[in-house]
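Please keep the sequence and the structure in view while reading.

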Amino acid sequence: MRQRRLGKTGRQVSEVGFGAWAIGGSWGETDDAESLAALHAAVDAGITFFDTADVYGDGRSERLLAELMRERDEPLVIATKFGRRVAQEVENYSESNLRAWLERSRENLEVETVDLVQLHCPPWDAYYTPALFEACDRLVADGLVRGYGVSVEKVEQALKAIEYSGVATVQIIFNVFRQRPAELFFAEAQRRDVGVIVRVPLASGLLSGKFGRETAFAADDHRAFNRHGEEFDAGETFSGVDYELGLEVVDELRELVPEGATLAQLALRWILSFDAVSTVIPGAKTPEQARQNAAAAALADLPEPTMRRIEELYRDRIAPQVHHRW
């Protein structure tokens, strides 16, 4: 497992991390014992970066990570997020609320100082509210958190966020089905020494190749209840790609999978081909999923014909649906 620098935080983190949304909820049934086993399997495989949020299972995900930290000696980096506990109006992102949310995460994670906190896909107006970022600067100055960043929905939000000098990281959707961040944002992030955390790398599992037209998702799984953005941004579910179209393109991607690898590992290795990426955070609910995700780091560089074919499939099949939206 190789390490990459997480932007101006200066921290070295595993290039494959662990996205802890699924173990908190909204991905169907979860079992805390198995979730904890998945976290341990990730550490065993060399993963040192874990991403969560205060709303994942209303703190359940954070508390599982606290349990992991109690049971492991390895130096781990835990990033959380805040801001989705209230109506998405910039007035609710007051400094008093930020401090209250962060205090709750400190308690859940059982730490004095949080490694990294991220504004959790805040409303558009937030990016044009310097006082919000100044308040985050004070959280760092007061020793409550070592650094802060922003989790965004759109490239335009990412570009605006990194204009604020205190922003150390940006978390953004980037995958075979969502390639726009590589056009401009990655270069700007590198220029400003901003760490890039890639989320939804498998397009909500679509790029695992394990789903079909008859696959049924549980009622409490966002892949059932949020396909059209009913509860939150549609881009968070299957990366905003029409499910049927996604399955068609997945069938074409299967031909590109290296011998001995899986489609999911191909998709993760493609992301790691971009130097601007600090870490990619696929989710896992079982130890085997965690190990398989980590193993993607060991794959050889993808050959140029494979990279070109992935670009072509995106341009011709996927981009007309998503490129202009996110």
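## Terms and model

Buried means under 20% relative accessible area, exposed means over 50%, and partly exposed lies in between. The model discussed here is predicted.

Arg 70 forms a salt bridge with Glu 110. The closest N and O atoms of Arg 70 and Glu 110 are 2.7 Å apart. Arg 70 sits in helix H2, residues 60-71, while Glu 110 sits in the loop between helix H3 (95-109) and strand S6 (116-120), so the pair ties together parts 40 residues apart in sequence.

How accessible are the two partners? Arg 70 has a relative accessible area of 52%, so Arg 70 is exposed, the cut-off being over 50%. Glu 110 has 47% relative accessibility and therefore counts as partly exposed.

## Two further charged pairs

How many salt bridges does the count come to? The total is 33. One of the pairs joins Lys 81 and Asp 51, with the closest N and O atoms 2.6 Å apart. The two residues belong to distant parts of the chain: Lys 81 to strand S5 (residues 77-82) and Asp 51 to strand S4 (residues 49-51), 30 residues apart. Are Lys 81 and Asp 51 buried or exposed? Both are buried.

Glu 188 and Arg 191 form another salt bridge, and their closest N and O atoms are 2.9 Å apart. Both lie in helix H6 (residues 185-191). Three residues separate them, about one turn of the helix. Arg 191 is exposed, at 58% relative accessible area.

## Helices H8 and H11

Two packed helices are described by the angle between their axes and the distance between the axes. For helix H8 (residues 243-253) and helix H11 (residues 304-322), the axes come within 11 Å and cross at roughly 175°. That angle makes H8 roughly antiparallel to H11, because angles over 145 degrees count that way.

Which residues meet? From H8 come Leu 245, Glu 248, Val 249, Glu 252 and Leu 253. From H11 come Arg 309, Ile 310, Leu 313, Arg 317, Ile 318 and Gln 321. The residues of this contact divide into six nonpolar, one polar and four charged. A network of salt bridges links Glu 248, Glu 252, Arg 309, Glu 312 and Arg 317.

## Lys 160

Lys 160 lies in helix H5, residues 155-161. At 18% relative accessibility, Lys 160 counts as buried, because the cut-off is under 20%. Which residues does Lys 160 contact, leaving aside its neighbours within four places in sequence? They are Tyr 127 and Tyr 128.

Asp 220 is 60 residues from Lys 160 in sequence. In space, the C-alpha to C-alpha distance between Lys 160 and Asp 220 is 34 Å.

## Cysteines

How many disulfides does a search of the whole structure find? The search finds zero. Cys 121 is in no disulfide, and the nearest cysteine sulfur, that of Cys 136, is 14 Å away. Seen from Cys 136, the closest cysteine sulfur is in Cys 121, and the 14 Å separation is too far for a bond. The cut-off for a disulfide is 2.5 Å between the sulfur atoms.

Cys 121 is buried, with a relative accessible area of 8%. Cys 136 is buried as well, with 1%.

Methods
Residues are numbered from 1 along each chain as its sequence is written. This is a predicted model: local features need pLDDT of at least 70, side-chain atom pairs count only at pLDDT 80 or more; totals for chains, interfaces and linings use all residues. Side-chain values use heavy atoms; hydrogens and water are left out. Axes are lines fitted to C-alpha atoms, for helices over the stretch in contact, and angles run from 0 to 180 degrees between N-to-C directions. Helices (H or I, at least four residues) and strands (E, at least two) are DSSP runs, numbered from the N terminus. Angles under 35 degrees count as roughly parallel, over 145 as roughly antiparallel, 65 to 115 as roughly perpendicular and the rest as oblique. Contact means heavy atoms within 4.5 Å. Ala, Val, Leu, Ile, Met, Phe, Trp, Tyr, Cys and Pro count as nonpolar, Asp, Glu, Lys and Arg as charged, and the others, Gly among them, as polar. A salt bridge is a side-chain nitrogen of Lys or Arg within 4 Å of a carboxyl oxygen of Asp or Glu. Buried means under 20% relative accessible area, exposed over 50%, partly exposed in between (1.4 Å probe, protein chains only).
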